Amino acid sequence: MDIDDEKRILDEESTINAAFQEILDIYLASQHRRKVELITKAFNFARQAHKGVRRNSGEPYIMHPLAVTRIVCAEIGLGSTSICAALLHDVVEDTDYTVEDIRNLFGDKIARIVDGLTKISGGVFGLQASEQAENFKKLLLTMSEDIRVILIKIADRLHNMRTLEFMPVNKQYKIAGETLYIYAPIAYRLGLSRIKTELENLSFRYEHPEEYSRIEKKIERTQQERDVLYHEFTSPICDGLDRMGYKYHIIGRVKSPYSIWNKMQKKHVAFEDIYDILAVRIIFTPREGEDENNECFKIYNTITKLYNAHPDRLRDWVNKPRANGYRALHATFMSKRGEWIEVQIRSERMNEVAEQGIAAHWKYKAQGEENSADEQLDNWLHTIKEILDDPQPNALDFLDTIKLNLYATEIFVFTPKGEIKTMPQNCTALDLAYSIHTFLGNHCIGAKVNHKLVPLNHVLKSGDQVEILTSNSQHIDASWLTFVTTAKARAKIQAALRRQQRILQRDGEEKLTEFLQKEDLMSHSNNIEKVWKLHKLKSREELLEALGGGKITLGNEDKDALLGNKKFRFQLFPFFGKKENDGNEEHKAEQFESVDRKHPIKLTDETLHSSYIIADCCSPIPGDDILGYYDEEKHIVIHKRNCPVANTLKSSHGDRILAANWDTHRTLYFQVPILMKGIDGFGVLNEITTLLSQQLNITIQKLTIEGHDGIFEGTVWVNVHDVEEVRNICDSLKKIKNIQTIARID
Ligand code: MN
């Protein structure tokens, strides 16, 4: 070993020691019990277990568990058990040590958490649908057993996202997509709002690097303006609070690039049109003997003496916390410059809960304080357990079912006896029935909302008083799945439908056996696949169900199919020839391996339409951030990176995602719809068409326009080469008087 190597290793050793010391310092400054010895033991054990291994970044591997531990300790505020488990989280997965070894050295509690983390290591989503369902179920199961497992997993994911630059690009999309799809919502649901924001932002940065930096620059460029606004707006507030003798600090919070972008996309507005980039947060120390909830309203009153409050934007999460435990009073005021500014008022404790989520709850719970947020979390975990009790064959359905309940905002409804129930927004009467009891859901025929009779699919509003009506003769219908919005209702309906299916399949099985016996075809029963294909069905199960339900009957054609009749084969071939390889997974995997996943695909004018399929769900054009999806049929489908379909694919079939870039040179045209909204003035339409066809020389494919109450809304389909051209068109259209919104839509 030469001197340089030796020096480098010494440097690394001291970096590792310093990182660990920092964690100890944070831990010792916290309110947790002092278990330094155990933590040091876990650190030394992990360090020697990972010795000699490096991460993609070139760092010694132990730097990763250390970074995860730091997040667990400093950003989530967990104690020694979680700290030890975080230090050890990759030991069983990546080294020869077993969970038993961990149990012998560190006890059962830590071993169980490490075991949970090992079970859900790797991606949540594998190549096979069945695999992802299993993995995701495991994730939820470990979560409902010990919530610390998922908290550490989120910390692990956060550090992996922070170091994502060292990953190959297609892996980046998979990891970023999965993060946005599942980890950010779970983090939000557990009240880790700061971590959720960071996860979203990092995903956004890797999926849309240019958009990200464009928005970041705009935030920077407009910062000075906001500083002035902030100062003007807050200094009278500070004077008022000082006069009242409050101890507080006040900060300006700037919206994250991701949430700005998200709003721009959702509302079709420009950066300049987003008025709530700045929010003001007041965090106060409660005064001796005063109720902190009341104090929030006192501070609110002080501000209403200075500024006018928006009548519809007072949010009382002080008395009715969000389901993730978040408490604060939000109000929006009109500044002297005529801009609405949101003010968030929280006590120090509320702030801690807002930043550290449920971990902070435990701390106060340990101090003997109960609150309704704990109860809500328990309820939620209980619901997850209930859903897990029913086997869900389709992984994606299952994922969507659970996801439904992660981001929903809540409404409050009342039972006939005046009890209050929290439900997600847009839930129906049937959802409420299921949330009370499965039996009530299964037999629900309608409801009385505020004493008026409504159907099952009636959407509930906050404040509604709801009485569920049932009948024993009611039976579950598949159509219910089209309107329920909660995970529990969906899961319970699916479970009941599957029970019905199983009964039909049993009957079908009997009919099939009968047929085979009658025709003396017993020995050919392994050719059943030919029969279900003949009836254009997708599986043996579907065939049995159709038979059982009397939708089809078996006859001579089926007999021919089972006997392998040549005529039949000949007919079948053109339809199913392409799928000959189905069921031969190995062959497919081989094909897949031959696709070069290391380098991004280059889409050129020549190859675009011959070698790829442009997804019509999002219709990307040159200049859009895109990715490729290598589908089951061995085609490469090009999606926009933020296409909802692509998002599902990233999470469910992440290994089939390919990096892709444009390399086109403006020879091809693409049709793009542009949305226009504005005030219906005389000749607006004429101005639009003149501008497009005469000044910009753009071909208009189609134009629809509709006006009512002096407002018009229209869509124009134009032929363009790329995003740049769309942007120019939009910029020019915006200059027309009376036009207020211009946006490209999908
Ligand atoms: Mn890890």
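Strands, in the legends below, are DSSP runs of E with at least two residues, and helices are DSSP runs of H or I with at least four, both numbered from the N terminus.

**Figure 1. Overview of the predicted model.** The structure shown is a predicted model. Its protein chain contains 31 helices and 19 strands. Of the 746 residues in the protein chain, 50% count as buried. Among contacts in the protein chain with a separation of 6 or more, 67% are between residues 24 or more positions apart.

Figure 2. Four residues supply the donors: His-64 and His-89, each through NE2, together with Asp-90 and Asp-156, each through OD, at 2.2 to 2.4 Å. Along the sequence, the donor residues follow the spacing H-x24-H-D-x65-D. Asp-90 and Asp-156 link distant parts of the chain, being 66 residues apart. Asp-90 occupies the loop between α4 (80–87) and α5 (91–94), whereas Asp-156 belongs to helix α9 (residues 147–162). Both Asp-90 and Asp-156 are buried.

**Figure 3. Helix α4 and its surroundings.** Eight of the eight residues of α4 are buried, so this helix is largely enclosed by the rest of the structure. The buried residues of α4 are Ser-80, Thr-81, Ser-82, Ile-83, Cys-84, Ala-85, Ala-86 and Leu-87. These buried residues pack against α1 (3–29), α2 (36–49), α3 (63–75), α7 (108–119) and α9.

Figure 4. The largest nonpolar core comprises 64 residues. Within this core, the residues with the most contacts are Leu-66, Leu-88, Ile-102, Ile-154 and Leu-199. Helix α9 contributes the largest share of the core, namely nine residues. Leu-88 touches Ala-42, Phe-45, Ala-46, Ile-102, Phe-106, Ile-110 and Val-114, when residues up to four places away in sequence are not counted.

**Figure 5. Packing of helix α10 with helix α29.** The axes of helix α10 (residues 169–189) and helix α29 (residues 644–652) come within 8 Å and cross at roughly 105°. The two helices α10 and α29 are therefore roughly perpendicular to each other. On the side of α10, the contact is made by Tyr-173, Lys-174, Gly-177, Glu-178 and Tyr-181, and on the side of α29 by Asn-647, Thr-648, Lys-650 and Ser-651. Classified by residue type, the contact of α10 with α29 has two nonpolar, four polar and three charged residues.

**Figure 6. Packing of helix α11 with helix α12.** Helix α11 (residues 193–207) and helix α12 (residues 209–221) have axes 5 Å apart and pack at an angle of about 120°. The orientation of α11 and α12 is therefore oblique. Helix α11 makes the contact through Asn-201, Phe-204, Arg-205, Tyr-206 and Glu-207, and helix α12 through Pro-209, Glu-211, Tyr-212 and Ile-215. The contact of α11 with α12 divides into five nonpolar, one polar and three charged residues.

Figure 7. His-310 lies in the loop between α15 (292–304) and β3 (315–316). With a relative accessibility of 17%, His-310 counts as buried, because buried means under 20%. His-310 touches Thr-332 and Trp-340, not counting residues up to four places away in sequence. His-310 and Thr-332 are 22 residues apart in sequence, yet their C-alpha atoms are 5.4 Å apart in space.

**Figure 8. Thr-715 in strand β18.** Thr-715 is part of strand β18 (residues 711–720). Its relative accessible area is 13%, so Thr-715 is buried. Leaving out residues up to four places away in sequence, Thr-715 touches Pro-673, Ile-674, Leu-675, Met-676, Lys-702, Leu-703, Thr-704 and Ile-745.

Figure 9. Arg-666 is found in the loop between β15 (657–662) and β16 (670–679). Phi of Arg-666 is near 55°, a positive value in a residue other than glycine. Arg-666 has a relative accessible area of 43% and is partly exposed. Asn-697 is located in the loop between α30 (684–695) and β17 (700–708). Phi of Asn-697 is near 60°, which is likewise a positive value in a residue other than glycine. Asn-697 is exposed, its relative accessible area being 65%.

Definitions and conventions:
Residues are numbered from 1 along each chain as its sequence is written. This is a predicted model: local features need pLDDT of at least 70, side-chain atom pairs count only at pLDDT 80 or more; totals for chains, interfaces and linings use all residues. Side-chain values use heavy atoms; hydrogens and water are left out. Donors are N, O and S atoms within 2.8 Å of the metal (3.2 Å for Na, K and Ca); water is not among the atoms, so sites may look incomplete. Buried means under 20% relative accessible area, exposed over 50%, partly exposed in between (1.4 Å probe, protein chains only). Axes are lines fitted to C-alpha atoms, for helices over the stretch in contact, and angles run from 0 to 180 degrees between N-to-C directions. Angles under 35 degrees count as roughly parallel, over 145 as roughly antiparallel, 65 to 115 as roughly perpendicular and the rest as oblique. Contact means heavy atoms within 4.5 Å. Ala, Val, Leu, Ile, Met, Phe, Trp, Tyr, Cys and Pro count as nonpolar, Asp, Glu, Lys and Arg as charged, and the others, Gly among them, as polar. A nonpolar core is a set of buried Ala, Val, Leu, Ile, Met, Phe, Trp, Tyr and Cys residues joined through side-chain atoms within 4.5 Å.
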